[in-house]
Amino acid sequence: MNPSTPDVSFEPLALFAACVLPGLGHAARGERARGLAIGVGVLGLFAGGVLIGGIDVVDRREDGVWFLGQALVGPVAIATDYVHQSRFKVYDDRLRRYRSAYPGELRDPNSAPEPGKAVPSGQAGTRTGLQKPNVKSVGKVNELGTLFTALAGMLNLIAIIDAGFPTRRREIASSPTPTLKPAGAGGGA
Amino acid sequence: MTFLAYRPFIDPLGVHASWYLLLVPCAILVAFTYKAVRVPDLRRLARDTAVMAMQIIVGMVALGAAAYLFIEVVLPRLVR
């Protein structure tokens, strides 16, 4: 190891880019293939979780602790939660707050003063413009969807740290003694 | 309006009976992402991903089997 090389470097642009989109930090550092692989992995896990458990698995109001992990995916997770809260939750007049719709309920996007008022399907009658809310996931499907999305966030945290503070990956050299080198120096494949 | 229509990414999948099979894609994606960060040479990514995914799956199955044996075999003998 070259003693003059710092153990850990700091790349603020790559750190910021990694926070914006999974894998973008490594791509900004010149490791495009690695960035693409990270992006595919993190976004694949996140999309897989939403596919399995539905949009219900990303919910900062009802599953706040899990959302802490999911939010590490970045703006994608925050946008997913925003869509869930604003386009699929229903407003309950009795509770005076938004909640997940019960089975058989519809959503009135044009209600006032709070949009998205819950309308039992039996009272829908001939009203037009009512939307079908999402189906709330339960049991193992909800647990697995939540797990997939939270794992995506935690793995992205590893990628963010690796992009912003490039560690020394062990170089598999032909020499008998493995050497260490900065990750950014080698470039992507 | 069709009330039973499934909407991908909005409504949950109906995989309640075979949920345990989702361990396989989960392990593969976790291994792929982790190894994408860690491997020095991306040409080894596929091999390292396969090895780590197998380690995760075998480990989870072993933990499940150990928990099953403890609860179904060991505990009943201890409390008898």
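1. Throughout this note, two residues are in contact if their C-beta atoms, placed from the backbone, lie within 7 Å. The model is a predicted one. On that basis, and with residues up to four places away in sequence not counted, A152(A) touches V42(A), L45(A), F46(A), G49(A) and V73(A).

2. A152(A) is also among the residues with the most contacts inside the largest nonpolar core, a set of 44 residues in which V42(A), L45(A), F46(A), F148(A), L151(A) and A159(A) are listed alongside it. The elements that give two or more residues to this core are α1 (12-20), α2 (24-28), α3 (32-53), α5 (75-88) and α6 (139-164) of chain A, together with α1 of chain B. The largest share, 11 residues, comes from α6(A).

3. Of the 189 residues in chain A, 41% are buried. Among its contacts between residues at least 6 apart in sequence, 60% join residues that are at least 24 apart.

4. Which residues of α1(A) are buried? They are A14(A), A17(A) and A18(A), and, seen down the axis of α1(A), they fall within an arc of 100 degrees, so they line one face of the helix. What covers them includes α2 and α6 of chain A, whereas P12(A) and V20(A), on the other side of α1(A), are exposed.

5. The contact between the chains takes 38 residues from chain A and 26 residues from chain B. On the chain B side, the largest share, 9 residues, comes from helix α1 (residues 23-38), and by class that side divides into 21 nonpolar, 2 polar and 3 charged residues.

6. The axes of α6(A) and α1(B) come within 9 Å and cross at roughly 5 degrees; because angles under 35 degrees count as roughly parallel, the two helices are described as roughly parallel to each other. Their contact is made by F148(A), L151(A), L155(A), I158(A), A159(A) and D162(A) of α6(A), with C26(B), V30(B), T33(B), Y34(B) and V37(B) on α1(B). By class, this helix pair brings together 9 nonpolar, 1 polar and 1 charged residues.

7. G54(A) lies in the loop between α3 and α4 (64-70) of chain A and counts as buried, with 26 C-beta neighbours inside 10 Å. Leaving aside neighbours within four places in sequence, G54(A) is in contact with N134(A), V135(A), S137(A) and G145(A), and also with I10(B), D11(B) and P12(B).

8. Some backbone geometry deserves a check, since most residues other than glycine have a negative phi, and most peptide bonds are trans. A cis peptide bond, with omega about 0 degrees, joins A112(A) and P113(A), the latter being found in the loop between β3 (105-108) and β4 (117-120) of chain A.

9. R96(A), a residue other than glycine, has a positive phi near 60 degrees; R96(A) sits in the loop between β1 (90-92) and β2 (97-99) of chain A and counts as exposed, with 8 C-beta neighbours inside 10 Å. F9(B), likewise not a glycine, has a positive phi of about 70 degrees; F9(B) is placed in the segment before α1 of chain B and is partly exposed, with 15 other C-beta atoms within 10 Å.

Terms used
Residues are numbered from 1 along each chain as its sequence is written. Chains are lettered from A and ligands numbered from 1 in the order in which they are written. This is a predicted model: local features need pLDDT of at least 70, side-chain atom pairs count only at pLDDT 80 or more; totals for chains, interfaces and linings use all residues. Helices (H or I, at least four residues) and strands (E, at least two) are DSSP runs, numbered from the N terminus. Ala, Val, Leu, Ile, Met, Phe, Trp, Tyr, Cys and Pro count as nonpolar, Asp, Glu, Lys and Arg as charged, and the others, Gly among them, as polar. A nonpolar core is a set of buried Ala, Val, Leu, Ile, Met, Phe, Trp, Tyr and Cys residues joined through C-beta atoms within 7 Å. A residue is buried if 20 or more other C-beta atoms lie within 10 Å of its own, exposed if 12 or fewer, and partly exposed in between; C-beta atoms are placed from the backbone. The arc is that of the directions from the helix axis to the C-beta atoms. Axes are lines fitted to C-alpha atoms, for helices over the stretch in contact, and angles run from 0 to 180 degrees between N-to-C directions. Angles under 35 degrees count as roughly parallel, over 145 as roughly antiparallel, 65 to 115 as roughly perpendicular and the rest as oblique.
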